[in-house]
Amino acid sequence: MKKNLGVQPYLFPMPVLMIATYNDDTVDVMPMAWGGICAENMVSLNLEADHKTCANLKKRMAFTISVADIPHLKESDYFGIASANRFADKFARSGLTAVKSELVDAPIVTEYPVTLECTVAEIKEECYGGYHVLGEIKSVLADESTLDEKGKVDVSKLNAFVFDQFRNGYYAIGEKVGQAWNAGAPLVKGK
Ligand SMILES: Cc1cc2nc3c(=O)[nH]c(=O)nc-3n(C[C@H](O)[C@H](O)[C@H](O)COP(=O)(O)O)c2cc1C
């Protein structure tokens, strides 16, 4: 038996993506679950319009997206509780550090293992009740400690976690259970 849960934004897993922007002269970071890759070189962000991040995106037309990791789960969640609209020292309180991107007008949070540097390509301010942003990926930065011998990011080294939209939990990920475009191949061959 299946139970009907109604119309809800219920999918799993949801990512925990850290959007970093500049306020006038300080850094702002917020976690975003409702977004991700939407084309080869594009990301989409679905935001609530009153976030300080939205004002920053409109003004500076740039941002970075980082993968949140378990060693910084506390700080990452804090960024989602506190708004820079209310806490002028939001980023400073976290104890994390950031440097300016060489490519885009946005900060790179040093502690996160993988970061996409992006410019804003398009903003739709009133779209299904939200603030939708399309971003163009200009570069991807990865800590060398996360790379395998071929220079690819090994996700088992990321210590990443995902968000549970059903009950607001965070869950660790990283155990490899199969190879994509391969595990199903025997069925293609009828085996
Ligand atoms: C796990 C998690 C996921 C979130 N996902 C989103 C999201 O997808 N879109 C959004 O607008 N806000 C999301 N939020 C809320 C913002 O991160 C939060 O309101 C933040 O404080 C906004 O910061 P700012 O006002 O400094 O930009 C999320 C919060 C958490 C904890």
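## Helices against the sheet

Helix α2 lies across strands β1 and β2, and its direction is at about 95° to β2. Helix α1 lies across β1 (17-22), β2, β4, β5 (62-67), β8 (114-127) and β9 (130-142), and runs at about 55° to β1. Helices (H or I, at least four residues) and strands (E, at least two) are DSSP runs numbered from the N terminus. Contact requires C-beta atoms, placed from the backbone, within 7 Å. Axes are lines fitted to C-alpha atoms, for helices over the stretch in contact, and angles run from 0 to 180 degrees between N-to-C directions.

The model is predicted: local features need pLDDT of at least 70, side-chain atom pairs count only at pLDDT 80 or more, and totals for chains, interfaces and linings use all residues. Residue numbers start from 1 along each chain as its sequence is written.

## Overall build

The protein has four helices and 11 strands. Its radius of gyration is 18 Å, close to the 16 Å from the globule rule for 191 residues, so the protein is as compact as a globular protein of that length. That radius is taken over C-alpha atoms, and the rule is 2.2 Å times the number of residues to the power 0.38. Along the principal axes, the C-alpha atoms fill a box of roughly 60 × 45 × 30 Å.

Buried residues account for 29% of the 191 residues. A residue is buried if 20 or more other C-beta atoms lie within 10 Å of its own, exposed if 12 or fewer, and partly exposed in between, with C-beta atoms placed from the backbone. Of the contacts between residues at least 6 apart in sequence, 62% join residues at least 24 apart.

## The seven-stranded sheet

Seven strands make an open sheet in the order β2-β1-β5-β8-β9-β4-β3, with antiparallel pairing. The edges are β2 and β3 (35-39), each of which pairs on one side only. On average, neighbouring strands of this sheet are turned by 35° against each other, direction ignored. Two strands count as paired if DSSP finds at least two bridges between them. Strands of a sheet pair through backbone hydrogen bonds, in a parallel or antiparallel sense.

At the β3 end, a hairpin of two residues joins β3 to β4, and these strands pair in the antiparallel sense over four bridges. Isoleucine 37 has valine 43 of β4 as its bridge partner, and alanine 39 stands opposite methionine 42 in β4. Methionine 42 also has a bridge partner in β9, glutamate 136. The antiparallel pairing of β4 with β9 extends over six bridges.

## Ligand surroundings

The ligand is surrounded by 22 residues, and the closest are Trp34, His51, Thr53, Gly80 and Ser83. The elements that give two or more residues to this shell are β2 (27-32), β4 (42-47), α1 (52-60) and α2 (73-81).

The largest share of the shell, four residues, comes from β2. By class, the shell holds 10 nonpolar, seven polar and five charged residues. Ala, Val, Leu, Ile, Met, Phe, Trp, Tyr, Cys and Pro count as nonpolar, Asp, Glu, Lys and Arg as charged, and the others, Gly among them, as polar.

## Valine 114

Valine 114 is in strand β8 and counts as partly exposed, with 17 C-beta neighbours inside 10 Å. Leaving out residues up to four places away in sequence, valine 114 touches Ser66, Val67, Val140, Ala142, Thr146, Val153 and Leu158.

Strand β10 (residues 161-164) has a covered face with Phe161 and Phe163, and an uncovered face with Val162 and Asp164. In a regular strand the side chains alternate between the two faces of the sheet. β10 pairs with β11 (residues 169-172) in the antiparallel sense over four bridges, and aspartate 164 stands opposite glycine 169 in β11.

Four residues lie between β10 and β11 in this hairpin, and asparagine 168 in the turn has a positive phi of about 65°. Asparagine 168 is exposed, with 7 other C-beta atoms within 10 Å.

## Backbone points to check

Tryptophan 181 has a phi near 55°, a positive value in a residue other than glycine. Tryptophan 181 sits in the loop between β11 and α4 (185-188) and counts as exposed, with 6 C-beta neighbours inside 10 Å. The peptide bond from phenylalanine 12 to proline 13 is cis, with omega near 0°; proline 13 is in the segment before β1.

Definitions and conventions: Near = placed C-beta within 6 Å. Contact = placed C-beta atoms within 7 Å.
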